[in-house]
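Hi,

Here is the structure I promised to pass on. Have a look at it first, then read my notes below.

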Amino acid sequence: MSLSDLRSPRLTDTAPDWWKGAVVYQIYPRSFQDSNGDGIGDLRGILQRLDHLERLGVDVIWLSPVYRSPHADNGYDISDYQDIDPAMGTLDDFDELLAAVHDRGMKLVMDLVVNHTSDEHPWFVESRSSTDNPKRDWYWWRRPGPNGEPPTNWESFFSGSAWQLDETTGEYYLHLFDRKQPDLNWENPEVREAVYTMMRWWLDRGVDGFRMDVINLISKNVALPDGVVPPGKLYGDGFPHYAGGPRLHEYLQEMNREVFAGRPGLITVGETPGVTTAEAALFTDPARHEVDMVFQFEHVGLDHGPVTKFRPRRLEPGELAANLTRWQDALARVGWNSLYLGNHDQARSVSRFGDDSSHWYASATALATMLHLQRGTPYVYQGEEIGMTNMPFTTIDEHRDVESLNWFAEAVAAGSSPAEALLGLASMSRDNARTPMQWDASPSAGFTSGRPWIGVNPNASRINVAAQDDDGSVLAHYRALIRLRHELPVVAHGSFSRVDAGDDAIFAFERVHGADRLLVVANLSSDERTPVVAPAVADRWADARPLLANLDRPGEAAPFAPLRPWEAVVVGA
Ligand code: TEU
Ligand code: CA
């Protein structure tokens, strides 16, 4: 069987689990394409760039938030769920974009941010106005402790206390993220009904699903106990009390009944920091009717230091593969994985897990190969398909992200030198992934005719879409991987088993679906490595046909030949 003989299911596939054969592309609209020269990406900009996505071959586009927002957290602080932010365009622009995406056979997924709203959302404006306002109970209000202190010792994700004292009534409100992102109280049925009504409104408009922001934080332990204070920290760890709360599964099942039932063809993915494999299996067991898949965080936490992610540790070759294998095995029979290495909250994957200096092309493509050919639905974060790297920020003024700015101020106040604190941001700041998409070698990389809201990476002159239209580019390799998923059922539906290649740095695995078999052998290190496999394994692949490789292979593609740094080989049988 050769590639060209195979069918291309794309979205003609009407199976309820069509998303197993799909690839999702995440757009961070603020940084994708500006259409009007104000330096901020917008909906009409996305419309101008749909050709790129269609040629890449992705099936689904996920838009990070485009709703009306004061932008304390780049749109993850929403003040109107049923309108488009003026910086992004209008509802008419949105409808036009949605129609254009559908015309090209792709689907569109919205970001659903309902653990919290903006403090400028009318619900919160009402809620804070008095202790007896009907919306008071829509958020988490608590009286100060005996000495005026916050109700619990929890730390916000963005540094400092998770509670803010509100002068109007002298009570504190909970904000797990910025103080402009008050947490909604899902215990209140009116809150849940308001959220479901809003979700139905978007589905009626034609959107194809939701990526649910920190959805495992919506149910909290209502007793609000203090957290344990870890060594070296000022605050307690509230995570066990606000994540995976007692009513979480009930809420998700209720949402599913109230919003998704009777609407086939959707895709839902929950963002679930800290989720375990056992919990992920529950969320994604189709029989439980919760969500189709979740984003787990273990592999993007491997390099976090013990006190903060901003003082990271070096990963050993093999650690990433071992962790991803654990997730493959855990969700092998029940549930489904989301496959991702980067997004708008993570450093650029080629800089973090690869080698963006000596082996930029090889490591970007080796990482993509091992990720896309696992069992699960792959996500491509904008710019990853051309190997965009971390940004060489040199001053704090170049940073924009509230998380980075707050942590920097806190670290410097605690005695760090600014240079040392900047070093932490250099490898881990979310701003690394938020610089403008690199379309071409022009001064603002083709992103804007104006002044971009955040700096363009100087390597845009070299790393850009226009420069990668040929074979042998990172972009061409992504196109080939996406095509493999569409054309070979074994990629979407096959089983996964890791192959012991005698070296932790070599990620080798087999996929099997009926009579179809696929083998991936990837060297995830910057040294030459030689696979050593059991004779039975070598025999099984003796007559393998080459399907894809990221580096030119002299002669026949023997899958277990010595591998150059970051070399990846895919064969079929
Ligand atoms: O992120 C939630 C989350 O837990 C992280 O990825 C977060 O960026 C990190 O832990 C901070 O240290 C989601 C969104 O993806 C993120 O952009 C938002 O800032 C956050 O929720 C709040 O809405
Ligand atoms: Ca704009």
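In the side chain of Asp73, an N or O atom sits 2.5 Å from an oxygen atom of ligand 1. That makes a polar contact, meaning a pair of N or O atoms within 3.5 Å; inside protein, one has to be able to donate a hydrogen and the other to accept it, and residues adjacent in sequence count only if both atoms are side-chain atoms. Arg430 has a polar side-chain atom 2.7 Å from a ligand 1 oxygen, and for His344 the distance is 2.9 Å. On its own, ligand 1 has 490 Å² of accessible area, and the protein covers 94% of that (Shrake-Rupley method, 1.4 Å probe; for residues, only the protein chains shown count as cover).

Before going on: this is a predicted model, where local features need pLDDT of at least 70 and side-chain atom pairs count only at pLDDT 80 or more, while totals for chains, interfaces and linings use all residues. Residues are numbered from 1 along each chain as written, chains are lettered from A and ligands numbered from 1 in the order written, and side-chain values use heavy atoms, with hydrogens and water left out.

How many residues surround ligand 1? There are 19, and the closest are Asp73, Asp213, Asp345, Glu403 and Arg430 (near means a heavy atom within 4 Å).

Next, the calcium ion, ligand 2. Asp34 (OD), Asn36 (OD1), Asp38 (OD), Ile40 (O) and Asp42 (OD) coordinate the calcium ion at 2.3 to 2.4 Å. Donors here are N, O and S atoms within 2.8 Å of the metal (3.2 Å for Na, K and Ca), and water is not among the atoms, so sites may look incomplete. Along the sequence, these donor residues follow the spacing D-x1-N-x1-D-x1-I-x1-D.

Cheers
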